[in-house]
Amino acid sequence: SFYCGDLLPGDALMSQRKMSEFYGVSRSTVREAMVQLEADGFIEVQHGGKTRCKNLLEPYFDLPLEGLGDNLEFQLQVMEVRAMLEGEAAYYAALRASDQQLEALTGEFERMLERGVGETTLKKAKADLTFHMLIAQSSHNLLVISISQVMYSKYFSAMYGVLSRTLKKTGKYPPKIGIQHADIFQAIIGRDPDAARQAATEHIRYTRQQLSESYMG
(Lines give C-alpha, C1' and ligand atoms only; values in the text may rest on other atoms or scores of the structure.)
Protein backbone atom coordinates (compact mmCIF):
# COMPACT_ATOMS: atom_id res chain seq x y z
CA SER A 1 0.00 0.00 0.00
CA PHE A 2 2.91 2.37 0.66
CA TYR A 3 4.20 1.89 -2.88
CA CYS A 4 1.06 1.50 -5.03
CA GLY A 5 -0.65 4.72 -4.00
CA ASP A 6 -3.38 3.21 -1.83
CA LEU A 7 -1.97 5.15 1.12
CA LEU A 8 -1.32 8.74 0.09
CA PRO A 9 1.17 11.13 1.68
CA GLY A 10 -0.69 12.86 4.48
CA ASP A 11 -3.28 10.09 4.90
CA ALA A 12 -4.09 9.05 8.46
CA LEU A 13 -3.68 5.39 9.32
CA MET A 14 -6.37 3.45 11.12
CA SER A 15 -5.89 2.97 14.85
CA GLN A 16 -3.68 0.19 16.10
CA ARG A 17 -6.75 -1.56 17.53
CA LYS A 18 -8.46 -1.54 14.13
CA MET A 19 -5.26 -2.69 12.42
CA SER A 20 -5.04 -5.59 14.84
CA GLU A 21 -8.60 -6.61 14.04
CA PHE A 22 -8.29 -6.01 10.29
CA TYR A 23 -5.06 -7.98 9.81
CA GLY A 24 -5.77 -10.59 12.48
CA VAL A 25 -2.56 -9.99 14.44
CA SER A 26 -1.82 -9.01 18.01
CA ARG A 27 -1.70 -5.41 19.20
CA SER A 28 1.97 -5.88 20.13
CA THR A 29 2.78 -6.94 16.54
CA VAL A 30 1.05 -3.83 15.18
CA ARG A 31 2.80 -1.61 17.72
CA GLU A 32 6.22 -3.03 16.76
CA ALA A 33 5.45 -2.50 13.07
CA MET A 34 4.44 1.13 13.70
CA VAL A 35 7.62 1.77 15.68
CA GLN A 36 9.69 0.37 12.81
CA LEU A 37 7.80 2.37 10.17
CA GLU A 38 8.32 5.57 12.18
CA ALA A 39 12.02 4.79 12.61
CA ASP A 40 12.32 4.21 8.86
CA GLY A 41 10.69 7.56 8.17
CA PHE A 42 7.53 6.29 6.48
CA ILE A 43 5.08 7.66 9.07
CA GLU A 44 4.88 10.34 11.72
CA VAL A 45 2.81 10.59 14.87
CA GLN A 46 1.20 14.02 15.06
CA HIS A 47 -0.29 15.98 17.91
CA GLY A 48 -3.50 14.32 19.06
CA GLY A 49 -2.23 10.83 18.33
CA LYS A 50 -2.94 10.69 14.58
CA THR A 51 -0.43 8.65 12.63
CA ARG A 52 0.03 9.85 9.06
CA CYS A 53 2.00 8.75 6.02
CA LYS A 54 4.91 11.03 5.20
CA ASN A 55 5.73 12.38 1.77
CA LEU A 56 9.18 10.85 1.36
CA LEU A 57 10.20 13.28 -1.40
CA GLU A 58 9.31 16.54 0.35
CA PRO A 59 12.72 17.11 1.98
CA TYR A 60 14.34 17.06 -1.47
CA PHE A 61 12.18 19.92 -2.72
CA ASP A 62 13.13 22.37 0.00
CA LEU A 63 14.26 25.06 -2.41
CA PRO A 64 14.47 28.82 -1.71
CA LEU A 65 11.29 30.05 -3.39
CA GLU A 66 11.09 33.66 -2.26
CA GLY A 67 10.59 35.96 -5.23
CA LEU A 68 10.03 33.13 -7.72
CA GLY A 69 6.25 33.45 -7.85
CA ASP A 70 6.54 36.02 -10.65
CA ASN A 71 9.80 34.82 -12.21
CA LEU A 72 9.24 33.83 -15.85
CA GLU A 73 12.16 31.43 -16.18
CA PHE A 74 11.21 29.54 -13.03
CA GLN A 75 7.51 29.43 -13.96
CA LEU A 76 8.38 28.02 -17.39
CA GLN A 77 10.48 25.31 -15.75
CA VAL A 78 7.58 24.41 -13.48
CA MET A 79 5.33 24.10 -16.54
CA GLU A 80 7.84 21.87 -18.33
CA VAL A 81 7.88 19.48 -15.39
CA ARG A 82 4.08 19.58 -15.13
CA ALA A 83 3.73 18.64 -18.81
CA MET A 84 5.71 15.44 -18.23
CA LEU A 85 4.25 14.66 -14.84
CA GLU A 86 0.59 15.28 -15.59
CA GLY A 87 0.71 13.45 -18.89
CA GLU A 88 1.86 10.30 -17.09
CA ALA A 89 -0.57 10.87 -14.20
CA ALA A 90 -3.49 11.03 -16.63
CA TYR A 91 -2.23 7.98 -18.54
CA TYR A 92 -2.08 5.78 -15.45
CA ALA A 93 -5.27 7.21 -13.98
CA ALA A 94 -7.11 6.06 -17.12
CA LEU A 95 -5.64 2.59 -16.59
CA ARG A 96 -5.83 2.22 -12.81
CA ALA A 97 -8.43 4.53 -11.27
CA SER A 98 -11.00 2.71 -9.19
CA ASP A 99 -14.70 3.22 -9.82
CA GLN A 100 -14.81 5.22 -6.59
CA GLN A 101 -11.98 7.49 -7.77
CA LEU A 102 -13.68 8.04 -11.12
CA GLU A 103 -16.83 9.00 -9.24
CA ALA A 104 -14.85 11.48 -7.13
CA LEU A 105 -13.20 12.91 -10.25
CA THR A 106 -16.59 13.29 -11.90
CA GLY A 107 -17.92 15.15 -8.87
CA GLU A 108 -14.92 17.49 -8.78
CA PHE A 109 -15.15 18.15 -12.52
CA GLU A 110 -18.81 19.08 -12.20
CA ARG A 111 -18.10 21.34 -9.22
CA MET A 112 -15.27 22.97 -11.16
CA LEU A 113 -17.70 23.81 -13.97
CA GLU A 114 -20.17 25.30 -11.50
CA ARG A 115 -17.45 27.38 -9.83
CA GLY A 116 -16.23 28.67 -13.18
CA VAL A 117 -18.79 31.48 -13.19
CA GLY A 118 -18.17 34.47 -10.94
CA GLU A 119 -15.27 33.02 -8.97
CA THR A 120 -11.98 34.80 -8.35
CA THR A 121 -8.88 33.77 -10.27
CA LEU A 122 -7.38 32.42 -7.05
CA LYS A 123 -10.35 30.13 -6.41
CA LYS A 124 -10.29 28.97 -10.02
CA ALA A 125 -6.60 28.15 -9.71
CA LYS A 126 -7.19 26.16 -6.53
CA ALA A 127 -10.07 24.27 -8.15
CA ASP A 128 -7.83 23.58 -11.14
CA LEU A 129 -5.13 22.05 -8.96
CA THR A 130 -7.63 20.02 -6.95
CA PHE A 131 -8.80 18.45 -10.22
CA HIS A 132 -5.23 17.64 -11.26
CA MET A 133 -4.36 16.28 -7.81
CA LEU A 134 -7.28 13.85 -7.94
CA ILE A 135 -5.94 12.60 -11.27
CA ALA A 136 -2.48 12.11 -9.77
CA GLN A 137 -3.94 10.22 -6.81
CA SER A 138 -5.84 7.97 -9.22
CA SER A 139 -2.59 6.94 -10.94
CA HIS A 140 -1.73 4.58 -8.06
CA ASN A 141 1.93 5.48 -8.54
CA LEU A 142 3.64 6.62 -5.35
CA LEU A 143 6.24 8.76 -7.12
CA VAL A 144 3.69 10.52 -9.32
CA ILE A 145 1.48 11.18 -6.30
CA SER A 146 4.32 12.37 -4.07
CA ILE A 147 5.90 14.66 -6.66
CA SER A 148 2.52 16.09 -7.65
CA GLN A 149 1.64 16.81 -4.02
CA VAL A 150 4.93 18.61 -3.43
CA MET A 151 4.68 20.52 -6.71
CA TYR A 152 1.19 21.77 -5.96
CA SER A 153 1.98 22.83 -2.41
CA LYS A 154 5.45 24.31 -2.97
CA TYR A 155 4.96 25.93 -6.37
CA PHE A 156 1.34 27.03 -6.29
CA SER A 157 2.33 30.68 -6.50
CA ALA A 158 4.20 30.01 -9.73
CA MET A 159 1.20 28.19 -11.20
CA TYR A 160 -1.25 30.83 -10.03
CA GLY A 161 0.93 33.46 -11.65
CA VAL A 162 0.06 32.08 -15.10
CA LEU A 163 -3.66 32.68 -14.64
CA SER A 164 -3.21 35.98 -12.83
CA ARG A 165 -0.96 37.49 -15.49
CA THR A 166 -3.16 36.24 -18.32
CA LEU A 167 -6.24 37.74 -16.70
CA LYS A 168 -4.51 41.09 -16.15
CA LYS A 169 -3.33 41.27 -19.76
CA THR A 170 -6.37 39.95 -21.64
CA GLY A 171 -9.15 40.53 -19.12
CA LYS A 172 -10.29 36.92 -19.29
CA TYR A 173 -9.41 33.41 -18.16
CA PRO A 174 -7.34 31.50 -20.79
CA PRO A 175 -10.07 30.48 -23.24
CA LYS A 176 -9.14 26.86 -23.97
CA ILE A 177 -8.58 25.65 -20.41
CA GLY A 178 -12.18 24.59 -19.80
CA ILE A 179 -12.28 22.59 -23.03
CA GLN A 180 -8.94 20.97 -22.23
CA HIS A 181 -10.10 19.96 -18.77
CA ALA A 182 -13.14 18.34 -20.39
CA ASP A 183 -10.90 16.45 -22.85
CA ILE A 184 -8.73 15.13 -20.00
CA PHE A 185 -11.76 14.15 -17.97
CA GLN A 186 -13.51 12.36 -20.84
CA ALA A 187 -10.37 10.41 -21.76
CA ILE A 188 -9.85 9.20 -18.19
CA ILE A 189 -13.51 8.31 -17.68
CA GLY A 190 -13.42 6.51 -21.03
CA ARG A 191 -10.38 4.51 -19.92
CA ASP A 192 -8.31 5.78 -22.87
CA PRO A 193 -4.78 6.23 -21.48
CA ASP A 194 -3.15 7.49 -24.69
CA ALA A 195 -5.80 10.15 -25.22
CA ALA A 196 -5.58 11.11 -21.54
CA ARG A 197 -1.81 11.56 -21.74
CA GLN A 198 -2.07 13.63 -24.91
CA ALA A 199 -4.85 15.85 -23.56
CA ALA A 200 -3.06 16.49 -20.26
CA THR A 201 0.27 17.24 -21.94
CA GLU A 202 -1.31 19.60 -24.46
CA HIS A 203 -3.16 21.36 -21.65
CA ILE A 204 0.05 22.20 -19.78
CA ARG A 205 1.86 23.19 -22.99
CA TYR A 206 -0.99 25.55 -23.80
CA THR A 207 -0.80 27.03 -20.29
CA ARG A 208 2.95 27.46 -20.73
CA GLN A 209 2.35 29.30 -23.98
CA GLN A 210 -0.17 31.57 -22.28
CA LEU A 211 2.44 32.34 -19.63
CA SER A 212 5.09 33.28 -22.18
CA GLU A 213 2.70 35.53 -24.06
CA SER A 214 1.59 37.27 -20.88
CA TYR A 215 5.16 38.60 -20.44
CA MET A 216 5.35 39.99 -23.96
CA GLY A 217 4.61 43.61 -24.66
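This is a predicted model: local features need pLDDT of at least 70, side-chain atom pairs count only at pLDDT 80 or more; totals for chains, interfaces and linings use all residues.
Which residues touch the most other members of the largest nonpolar core?

Residues are numbered from 1 along each chain as its sequence is written, and side-chain values use heavy atoms, with hydrogens and water left out.

**View 1. The largest nonpolar core and the surroundings of phenylalanine 131.** A nonpolar core is a set of buried Ala, Val, Leu, Ile, Met, Phe, Trp, Tyr and Cys residues joined through side-chain atoms within 4.5 Å, where buried means under 20% relative accessible area, exposed over 50% and partly exposed in between (1.4 Å probe, protein chains only). The largest core holds 35 residues, of which Ala90, Leu105, Phe131, Ile135, Ile184, Ile188 and Ala196 touch the most other members. At least two residues of this core come from each of helix 3, helix 4 (99–115), helix 5 (121–137), helix 6, helix 7 (156–170), helix 8 (177–189) and helix 9 (193–214), helices (H or I, at least four residues) being DSSP runs numbered from the N terminus. Once its neighbours within four places in sequence are set aside, phenylalanine 131 is in contact with Leu105, Glu108, Phe109, Met112, His181 and Phe185, contact meaning heavy atoms within 4.5 Å. Another core, of eight residues, lies apart from the largest one and includes Leu13, Val30, Phe42 and Cys53.

**View 2. The crossing of helix 3 and helix 6.** The axes of helix 3 (residues 72–96) and helix 6 (residues 142–154) come within 11 Å and cross at roughly 145°; axes are lines fitted to C-alpha atoms, for helices over the stretch in contact, and angles run from 0 to 180 degrees between N-to-C directions. This crossing of helix 3 and helix 6 is left-handed, a term used if the near helix is turned anticlockwise from the far one by less than a right angle, with right-handed used if clockwise. From helix 3, Val78, Val81, Arg82, Leu85, Glu86 and Ala89 meet Val144, Ile147, Ser148, Met151 and Tyr152 of helix 6.

**View 3. The packing of helix 1 against helix 2.** Helix 1 (residues 16–23) and helix 2 (residues 27–39) pack with their axes 9 Å apart and at an angle of about 115°, and the crossing is right-handed. Gln16, Arg17, Met19 and Ser20 in helix 1 meet Arg27, Val30, Arg31 and Met34 in helix 2.

View 4. The structure holds six salt bridges, each defined as a side-chain nitrogen of Lys or Arg within 4 Å of a carboxyl oxygen of Asp or Glu. Arginine 208 is partly exposed at 28% relative accessible area, as is glutamate 80 at 38%.

**View 5. The salt bridge of aspartate 99 and arginine 191.** These side chains meet at 3.7 Å, N to O. Aspartate 99 lies in helix 4 and arginine 191 in the loop between helix 8 and helix 9, so the pair ties together parts 92 residues apart in sequence. Aspartate 99 is exposed at 63% relative accessibility, whereas arginine 191 is partly exposed at 34%.
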